[in-house]
Amino acid sequence: MSAATDDAIRAATRHVAAAMLPDLTAIADGTVAHIAAGMPELAERDALDLARATAFANSEALLHALVRGDQPKDVTTSPEVMRSTRSMVQHGLSHDAVMRGYRLGITHWCTRWGRAVEEHCPDAALAVPVVNQGTTFLLSWLELVSDRLSAEYRDEAERLAREGSLERAEFVRRVLAGETDVAEVRLRLGYDLTGNHVALVLKNPREGKRPPLESTARTLAASLTAAAPLVVRVDVDTTWCWVPTRDAARLPSAGAPVLAGQGWPAAGPEGFRRSHRQAREALRVAQLAGRPAGTVTHFADLDVAALCSTDPGVCRTFVTETLGPLAAGTEDARRLRTTLAVFFDAGGNFRAAAARLGVHHNTARYRVDQAAALLGQAPGEHRLRLELALHLADRLGLVS
């Protein structure tokens with residue numbers, strides 16, 4: 001195709017676009033009508049005015065760009081269109097719905113362009129190339145504007161989600177502080193505060209993969225009951241969950257690389273708070289003990305450790321001072337600690353302790369004597385203090 005013919009096509013394209021300018025309002029109205037016919041949800045969500053404002057702004061930008069002979073990438077997305085996109089998110093329109101609206105709009109525009117070429121381009125040799133020129137321009141613009149609006153839609157959706165999460169988390173904090181009533185909780189959260197509750201607290205690890213905590217919480221809750229849990233995202237790395245059940249089963253694994261704490265079942269508003277406190281304490285102790293990601297720690301397994309470790313430094317000092325050489329991080333020290341703990345649990349009976357350990361009773365006796373020598377005292381002296389130190393060393397890993 002010759003340069004002169006290219007120039008003629010571009011000139012004819014500009015001429016057709018200029019001839020359409022007086023009909024701008026009618027074009028925008030026709031675009032909205034076509035979109036509305038294919039998307040009844042716009043009327044249901046009171047979004048027709050948004051569609052109308054967007055259609056007019058986009059139609060005006062497209063016509064002027066065609067008149068000037070601009071490239072699609074040069075068409076500026078107006079602030080009005082960006083505001084409308086954010087408003088569509090606020091009206092509850094999905095991303096797919098917004099993009100479908102734009103595709104419907106361009107379909108109408110292509111049809112309208114073809115009719116305008118037929119009316120304002122009498123040269124039959126130019127008509128088809130001009131139709132193609134305009135259609136290519138419109139489709140290229142649609143691809144570009146879809147990317148821009150998708151980013152705008154995503155940003156607004158994330159902003160609303162953050163604000164919603166913050167508002168929801170703040171309300172739940174008020175529930176935990178006893179500043180709300182049962183009816184308000186049911187209305188705002190759809191959760192029955194008078195029932196039974198098992199609380200979970202989930203935390204992403206400091207490093208590595210960060211799975212979606214909300215979906216992980218729901219999966220864990222589903223293993224206890226089919227009833228819908230209350231899930232609240234507190235921050236980017238923390239989620240609280242309440243499962244409406246009295247099932248005291250311990251969750252064996254998080255099923256994802258997160259740390260989780262689990263409380264005891266409890267009933268009513270106070271049970272809602274108590275189980276949550278227990279789950280938070282279970283998680284705190286799990287973090288203090290360096291438990292691996294994927295672990296669910298039940299409060300029942302370390303209630304004493306939780307009580308004694310509110311000040312980790314004081315707790316560590318107590319363990320190391322009480323156990324002395326037995327607090328070493330060696331395999332021999334670990335074996336002696338285990339033997340001594342089992343010996344106490346067996347009521348000081350060497351044969352019972354040996355049976356639990358799977359060793360000969362003389363071996364159990366020898367190890368207890370070794371431990372006593374390292375401690376510098378008979379195992380029965382200050383037994384409560386010694387048993388507690390052994391318990392904390394086992395649960396918290398407080399060894400040097």
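Q: How much of the protein counts as buried?
A: Of its 400 residues, 43% count as buried. Buried means under 20% relative accessible area, exposed means over 50%, and partly exposed lies in between (1.4 Å probe, protein chains only).

Q: What kind of model is it?
A: This is a predicted model; local features need pLDDT of at least 70, side-chain atom pairs count only at pLDDT 80 or more, and totals for chains, interfaces and linings use all residues. Residues are numbered from 1 along each chain as its sequence is written, and side-chain values use heavy atoms, with hydrogens and water left out.

Q: What does the secondary structure come to?
A: The protein has 16 helices and six strands. Helices (H or I, at least four residues) and strands (E, at least two) are DSSP runs, numbered from the N terminus.

Q: And why is it called more spread out than a compact globule?
A: Its radius of gyration is 35 Å, well over the 21 Å that the globule rule gives for 400 residues, so the protein is more spread out than a compact globule. That radius is taken over C-alpha atoms, and the rule is 2.2 Å times the number of residues to the power 0.38.

Q: What box do the C-alpha atoms fill?
A: Roughly 110 × 55 × 30 Å, taken along the principal axes.

Q: Switching topic. Which domains does UniProt list?
A: One unreviewed entry, "RsbT co-antagonist protein RsbRD N-terminal", covers residues 26–168. UniProt positions are given in the numbering used here, feature names are shortened, and annotations may be inferred rather than shown by experiment.

Q: What is the chain like over residues 26–168?
A: It is 85% helix and 0% strand there, with the end C-alpha atoms 45 Å apart.

Q: And residues 336–391? How far apart are the end C-alpha atoms?
A: They lie 13 Å apart. That span is 75% helix and 0% strand.

Q: Now some residues. Where is T239 found?
A: T239 is in strand β3, residues 238–243.

Q: Buried or exposed?
A: T239 is buried, because its relative accessible area is 0%.

Q: What is T239 in contact with?
A: Leaving aside neighbours within four places in sequence, its contacts include L200, V201, L202, L213 and V231. Contact means heavy atoms within 4.5 Å.

Q: How far is T239 from T111 in space?
A: They are 51 Å apart, C-alpha to C-alpha, and 128 residues apart in sequence.

Q: What about G376? Where is it found?
A: G376 sits in the loop between α15 (361–375) and α16 (383–396). G376 is exposed, because its relative accessible area is 67%.

Q: How far is G376 from G324?
A: They are 52 residues apart in sequence and 9.3 Å apart in space, C-alpha to C-alpha.

Q: Last one: where is D7?
A: D7 is in helix α1, residues 3–20. At 44% relative accessibility, D7 counts as partly exposed.
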